[in-house]
Amino acid sequence: MILTSAYCLIIASLASQIVDIFIKFKIKLSVFLNIAAIVTLLLELIRRSILIKYIAITNTYEALIFYSLSIILATTIYQATSKKDFSRYITFIGTIIAFITLSLSSTPLADNSITPPIPALRSNWLLAHVALSFIGESFLAVGFAAAIFYLATKDEEKKVYIEKIIKNSISVGYPIFTIGALLFGAIWAKNAWGRYWGWDPKETFALITFLVYTLYLHLRIIAKTKIKTTVIISVFGFLLTIFTFLGVNLLLPGLHSY
Amino acid sequence: MNNINKILKYFRSIHFGAALISLFIVFFILGIVIPQNQATDFYADLYPKRISDIIIFLGLNDIYRSFIFVFLSFLFVFNLSYCSVYRIFKNIKIKRLYFGPDIIHIGLLVIIVGGVVSSITRLEDYIVAIEGDSIKISEDITIIVGDIEKETYPDGSPKSYQTNVSVSANGEITKKSIKVNSPLKISGITVYQNNYGLTEFNEEYTGLKFIKDNGDVFILIGIILIGIGFLLTYYKKIKEGER
């Protein structure tokens, strides 16, 4: 019921953004619809938290809801602060990514049964590790949305500006992701299993993701003409975040419950 | 002389750093794609002969200990330390207070040092015990296992595992508990709740992991340095952005 309203709000937001492309209103209705969607998804997580008597980010289903929430949040922050006219396209792509993420929670990929967390998950590091990983990734998602628009557009003047958006969103998302996924993850692993690092498939893929974005940021400093190459690398980086989150669970089982 | 300068300049350059990062990405992917630490026959069965020969020859079956990976790591440490030292001195010379990225780089180096120290000094022991067992840790310290607790949720699934122990050090006895996510530290050794079950006589047993690792402190310092480095970098970026 709560989730259905979240779907409706995001669809309404997308519809209003499409209308906005043709008729320019002074007030962006979609910003309010997005905020409503964020509140709705938060309510769903609070409802589940009360039921399991723990912070509800303990399985794939809850993680997808949280991730979708933070992508809408990152997109809306961008939408509210950007003054450029074409930023609406990036917002639109970002909202679609959030919608797809939320839709995945209704597929067999995610079990929505309410189960309390196993002993290993009962730690204060759960919130710090998981929440920061996804908040970081949601800024990387905005960078990805901008990268898609960059690769699709032919307008060179726009490209220069969009490229700054890609760089800025990655510059925000990268440290948050690194601290949440890798550093806090390592500290938690030490506390729970007695080692900072264990070459678990999810750990290794998070490291590869980190390295690809690290490569992006360093190449971005030295790239003079080959900006497009760095944009393509950032796209690979984001695809790797998705694979680390969902693909690893399906193909390479390890210590992570999701 | 000129050529040597050129080579040195390349070794501390961001270009060389980026090349090494790319190679690490390739190696980590290979480390996942190629099953690790299997018998030689395993690779012969899995891959065509030419490929399995290459895997064995290059040591890709134990990739993180292979010569190429270790060599790459050396080059990486050299590049990173050289670049950091050079940048720090340059910034001091021109009186520019901007060390964020350097602190991140140094943090990474400290973690690598910690990893090496850990791989040399780490001691790990796994002990299964029941209530009443005593485990001698050192000459003066003994752990006596008390009651072993399993807590469950109303639906019967496990909520927590806990081992209550008495630590006897130099004749003094203190009561402590070891829980999942809450290990016990005794004089440089950390004890983890690792397993729980019932013996064939229906007694509760606990699996405890004892770890002593001198690399830990380096890794923790490295992690903190990287965190500080990020904060400094972004503090600077935000300040520049305001202008």
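This is a short tour of a two-chain model, one selection at a time. The model is predicted.

**Stop 1: chain A**

Chain A has 8 helices and 0 strands. Walk along the sequence and the pattern reads α-α-α-α-α-α-α-α.

Now look at its extent. The C-alpha trace of chain A spans about 55 × 45 × 25 Å along its principal axes. Does the radius of gyration agree with a compact globule, or disagree? It agrees, because a compact globule of 258 residues would have a radius near 18 Å and chain A has 19 Å.

Colour chain A by burial if your viewer can do that. Buried residues make up 48% of its 258 residues. Then think about which parts of the sequence meet. Take the contacts in chain A with a separation of 6 or more: 77% of them join residues 24 or more positions apart.

**Stop 2: two helices inside chain A**

Select residues 87-104 of chain A, which form helix α4, and residues 125-152 of chain A, which form helix α5. At what angle do these helices pack? The angle is about 125°, and the axes lie 8 Å apart. α4(A) and α5(A) are therefore oblique to each other. Their crossing is right-handed.

Show the side chains where they touch. On α4(A), pick A:Tyr89, A:Ile90, A:Ile93, A:Gly94 and A:Ile97. On α5(A), pick A:Ala141, A:Val142, A:Ala145, A:Ala146, A:Ile148 and A:Phe149. By class, this contact of α4(A) with α5(A) has 10 nonpolar residues, 1 polar residue and no charged ones.

**Stop 3: A:Leu104**

Stay on helix α4 of chain A and select A:Leu104, which is found there. Is A:Leu104 buried or exposed? A:Leu104 counts as buried because it has 20 C-beta neighbours inside 10 Å.

Next, show what surrounds this residue. Leave aside its neighbours within four places in sequence, and A:Leu104 is in contact with A:Leu64, A:Leu109 and A:Ala110. A:Tyr61 and A:Leu104 are 43 residues apart along the chain, and their C-alpha atoms are separated by 8.4 Å.

**Stop 4: chain B**

Hide chain A and select chain B. Here you will find 7 helices and 8 strands. The C-alpha atoms of chain B fill a box of roughly 75 × 55 × 45 Å along the principal axes.

A compact globule of 243 residues would have a radius of gyration near 18 Å, but chain B has 25 Å. Buried residues make up 20% of the 243 residues in chain B. Among contacts in chain B with a separation of 6 or more, 53% join residues 24 or more positions apart.

**Stop 5: B:Phe218**

Select residues 216-242 of chain B, which form helix α7, and find B:Phe218 within that helix. B:Phe218 has 20 C-beta neighbours inside 10 Å, so it counts as buried.

Which residues does B:Phe218 touch, leaving aside its neighbours within four places in sequence? They are B:Val110, B:Val113, B:Gly114 and B:Val117. Check one of these pairs with the distance tool. B:Phe218 and B:Val110 are 108 residues apart in sequence, but 6.0 Å apart in space, C-alpha to C-alpha.

**Stop 6: where the chains meet**

Bring chain A back. The contact takes 28 residues from chain A and 31 residues from chain B. On the chain A side, α6 (156-193) and α7 each supply at least two residues. Helix α7(A) gives the most, with 12 residues. By class, this side of chain A has 20 nonpolar, 7 polar and 1 charged residues.

**Stop 7: a helix pair across the chains**

The crossing is left-handed.

From α7(A), the contact residues include A:Leu207, A:Ile208, A:Leu211 and A:His218. From α2(B), they include B:Ala18, B:Ile21, B:Phe24 and B:Phe28. Colour the contact by class to finish: α7(A) with α2(B) has 17 nonpolar, 7 polar and no charged residues.

Technical notes
Residues numbered from 1 in each chain as written. Chains lettered and ligands numbered in written order. Predicted model: local features only at pLDDT ≥ 70, side-chain atom pairs only at ≥ 80, totals over all residues. Helix = DSSP H or I, 4+ residues; strand = E, 2+ residues; numbered from the N terminus. Rg over C-alpha atoms; globule rule 2.2 N^0.38 Å. Buried ≥ 20, exposed ≤ 12 C-beta atoms within 10 Å, placed from the backbone. Contact = placed C-beta atoms within 7 Å. Left-handed = near helix turned anticlockwise from the far one by under 90°. Nonpolar A, V, L, I, M, F, W, Y, C, P; charged D, E, K, R; others polar. Axes fitted to C-alpha atoms, helices over the stretch in contact; angles between N-to-C directions. Parallel < 35°, antiparallel > 145°, perpendicular 65-115°, else oblique.
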